[in-house]
Amino acid sequence: MSTMVKKLLLRGSKGSITVEVLFDSGAFFSFIKKAIAEKIGELQKLPEPEVFSTAKEGEEVIATHTIDIKFYINKDGFPEIFYVIDNLSEDAIIGVGTMQKFRFKLDFERDEICLLYTSDDFKII
């Protein structure tokens, strides 16, 4: 599991906020702390709760809502649906599913996020 933390602007239907976001290759989905989500947008109730395992063995978190957010890396915006978690340990987590969707590559040597265009061409963002 690899992680990187970046301060990002998150924009929802009610406003925006800059928070520390954990890019976590050990998580598939993206998550946001409920208190932050409520400040920036309208929560959408899930038909039934979703249960997710955490990095701690035997620990789980439950999501009853999602939120549509656009997160920004520099000036590039990326729309995504985040699961809302009451007591999330981080402000927000971007999982590997989101990273794959937008073709992000984490460069740990430079502490940068790269956006891949082709296998040989990338843009550092």
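Reader: Why is V61 called buried?

Author: The model is a predicted one. In it, V61 has a relative accessible area of 19%. Buried means under 20%, so V61 counts as buried.

Reader: Where is V61, and what does V61 touch?

Author: V61 is in strand β5, which covers residues 60–73. Leaving aside residues up to four places away in sequence, V61 touches E50, V51, F52, T54 and I85. A contact means heavy atoms within 4.5 Å. The C-alpha atoms of V61 and K14 are separated by 26 Å, and these two residues are 47 apart along the chain.

Reader: What makes F82 buried or exposed?

Author: The relative accessibility of F82 is 0%. The limit for buried is under 20%, so F82 is buried. F82 belongs to strand β6, residues 76–85.

Reader: Why are R103 and D111 called partly exposed?

Author: Partly exposed lies between the two limits, under 20% for buried and over 50% for exposed. R103 has a relative accessible area of 38%, so R103 is partly exposed. D111, at 42% relative accessibility, therefore counts as partly exposed.

Reader: What is said of phi in R103 and D111, and where do they lie?

Author: R103 is not a glycine, yet its phi is positive, near 60°. R103 sits in the loop between α2 (96–102) and β8 (104–107). D111, also not a glycine, has a positive phi of about 55°. D111 is in the loop between β8 and β9 (112–116).

Reader: How do you know that strand β1 and strand β2 pair?

Author: Pairing requires at least two bridges. Strand β1 (residues 3–11) and strand β2 (residues 16–24) have nine bridges, in the antiparallel sense. V5, for example, has L22 in β2 as its bridge partner. The hairpin of β1 and β2 has four residues between the strands, and G15 there takes a positive phi near 160°.

Reader: In which sense does β2 pair with strand β7?

Author: The sense is parallel, over four bridges, and β7 covers residues 92–95. The limit is at least two bridges. L22 has I93 as its bridge partner in β7.

Reader: How many helices and strands does the protein have, and in what order?

Author: There are two helices and 10 strands. From the N terminus the order is β-β-β-α-β-β-β-β-α-β-β-β.

Reader: How do you know that the radius of gyration agrees with that of a compact globule?

Author: For 125 residues, a compact globule would have a radius near 14 Å; the protein has 14 Å, so the two agree. The C-alpha trace spans about 40 × 35 × 20 Å along its principal axes.

Reader: What can be said of the protein as a whole?

Author: Of the 125 residues, 40% count as buried. Among contacts between residues at least 6 apart in sequence, 49% join residues at least 24 apart. The 16 positive and 21 negative charges have mean positions 7 Å apart.

Note on methods: Residues numbered from 1 in each chain as written. Predicted model: local features only at pLDDT ≥ 70, side-chain atom pairs only at ≥ 80, totals over all residues. Heavy atoms only, no water. Rg over C-alpha atoms; globule rule 2.2 N^0.38 Å. Buried < 20%, exposed > 50% of the residue type's maximum accessible area, 1.4 Å probe, protein only. Lys, Arg positive; Asp, Glu negative; His and termini not counted. Charge placed at Lys NZ, Arg CZ, Asp CG, Glu CD.
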